[in-house]
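Work through the exercises below with the structure open beside you. Try each task before you read its solution.

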Amino acid sequence: MRVIIAGGGKALYFLGRNFASKGYEAVIVNKDPEECRRLSRQLAVEVICGDGSDEHILEQAGARRADAVLAITPKDQDNLVICQLAALQFGVPRTVALANDPDNVEIFEQLGVSAFSTTHIVGSLIEQHAALEEITNLLPVGEGRVNVTEILLPPDAPVAGKRLKDVILPENTLVAVVIRDGDPIVPRGDNDLRAGDTVVLITLPENHGAALKIITGEGS
Amino acid sequence: MSNDRFIVVVGCGRVGSRLANKLSAAGNSLVVIDIDESTFGDLSAEFSGFRLAGDATQVALLREAKLHEADTLIATTHDDNVNLMVAQVARNIFKTPLVMARVFDPKREQVYERLGIRTVCPTSVAASLFMEALGGETSEPRERKQ
């Protein structure tokens, strides 16, 4: 997989390192010559010094054969244009823009560019942890219409000690994985649930609260 | 051109302020936005519109500028990407009927023409004016006389 990352700072450095360790062919585009020199010393990835919203620079970074472009500069307008040029001029199949201003997530999506906001992500992580510490919403899937939730079963969980087939869950709910002592199990009806298990639950929003109540005994 | 339009001008540099002064003097309603308040000093005494200091890439500011009621938006900042983003937001989100952007990079200009953004590229304009002054209608190099 060839990924072009435009931006700078620590986030870019660690992403570059992470992608390189996964064996991706990562290319970094950064405007600052000094930072470029440092990045090429520190990382085993190609570094292109220049403006990612300049077509020539994207071409030099190999945009024609890139599978994805990630634009994480501190300027939202640059991130938008980088992604649009990559998609429109080079046909890059997947582009993602960082929206520094959280309001721009919606704006970018309306302009046809996938976007994320670290403010949103961190904010919702904190909210979820504050709400119930044993429940972690892992990720919204299908534009937020599917919840994937990780639940640590407390000692008093009503489902602890029951076999899965004896637990009556609402429609559109699935216990996808049970993690017991660090080992993941994809459970069938005969598997039991125990206190201390971590359950990965897939729900639709309308049944999410009801399913959580059955599993943890607490209202959500 | 009718002179009772509501026009939002983004960027109050040399081009933006000149444009705003002329459009306001002609009787249009103007809102001028610039991130740097000191640029408003270039607006003339006859300018009767509103001045709004802030970052036009933030939708909240465009809302404050009442862009949803505007007939026209002209993005004139010195940053191509700001102009292109603001122009797209105006066109696609605020549904502003007429949207124009100044774009220095001719390559970017072509891409955004395709997205329905009307662009003015000072680089191409200046080059073709020079070409015209040189007597060549096109940019094709002419054969040299032996």
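**Exercise 1.** Classify B:L129: is this residue buried or exposed?

*Solution.* Note first that the model is predicted. Step one: take the relative accessible area of B:L129, which is 52%. Step two: compare with the cut-off, since exposed means over 50%. B:L129 is therefore exposed. B:L129 sits in helix α5 of chain B, residues 122–133. Step four: look at its partners.

**Exercise 2.** Find the largest pocket and say which residues lie nearest its centre.

*Solution.* Step one: the volume of the largest pocket is about 560 Å³. Step two: its lining has 30 residues, and B:I35, B:T77, B:H78, B:D79 and B:V82 lie nearest the centre. Step three: trace the elements. At least two lining residues each come from α4 (76–90) of chain A and from α1 (14–25) and β2 (29–34) of chain B. α1(B) gives the most, with three residues. Step four: sort the lining by class. Nine residues are nonpolar, 13 are polar and eight are charged.

**Exercise 3.** Take the salt bridge between B:K107 and A:D54: why does the pair join two chains?

*Solution.* Step one: confirm the contact. The side chains of B:K107 and A:D54 meet at 3.8 Å, N to O, and a salt bridge needs the two atoms within 4 Å. Step two: locate each partner. B:K107 lies in helix α4 of chain B (residues 106–114) and A:D54 in the loop between β3 (46–49) and α3 of chain A, so the pair joins two chains. B:K107 is partly exposed, at 22% relative accessible area.

**Exercise 4.** Which parts of chain A does the salt bridge between A:D192 and A:R180 link?

*Solution.* Step one: the side chains of A:D192 and A:R180 form a salt bridge at 3.4 Å, N to O. Step two: A:D192 is in the loop between β10 (183–185) and β11 (198–203) of chain A, while A:R180 is in strand β9 (residues 173–180) of chain A. The pair links distant parts of the chain, 12 residues apart. Step three: A:D192 is partly exposed, with a relative accessible area of 24%. A:R180 is buried, with 15%.

Step four: turn to A:D197, which also forms a salt bridge with A:R180, the closest N and O atoms being 2.7 Å apart. A:D197 lies in the loop between β10 and β11 of chain A and A:R180 in strand β9 of chain A, so this pair ties together parts 17 residues apart in sequence. A:D197 is buried, at 2% relative accessibility. Step five: widen the view. Salt bridges with shared partners join A:D51, A:D54, B:D105, B:K107 and B:R108 into one network.

Conventions
Residues are numbered from 1 along each chain as its sequence is written. Chains are lettered from A and ligands numbered from 1 in the order in which they are written. This is a predicted model: local features need pLDDT of at least 70, side-chain atom pairs count only at pLDDT 80 or more; totals for chains, interfaces and linings use all residues. Side-chain values use heavy atoms; hydrogens and water are left out. Helices (H or I, at least four residues) and strands (E, at least two) are DSSP runs, numbered from the N terminus. Buried means under 20% relative accessible area, exposed over 50%, partly exposed in between (1.4 Å probe, protein chains only). On a 1 Å grid over the protein atoms alone, a cavity is a set of points where a 1.4 Å probe fits but cannot get out, and a pocket is an open set with protein on both sides within 12 Å along at least five of seven lines; lining residues have an atom within 4 Å of a point. Grid points are joined across faces, edges and corners, and a volume is the space filled by probe spheres set on the points. Ala, Val, Leu, Ile, Met, Phe, Trp, Tyr, Cys and Pro count as nonpolar, Asp, Glu, Lys and Arg as charged, and the others, Gly among them, as polar.
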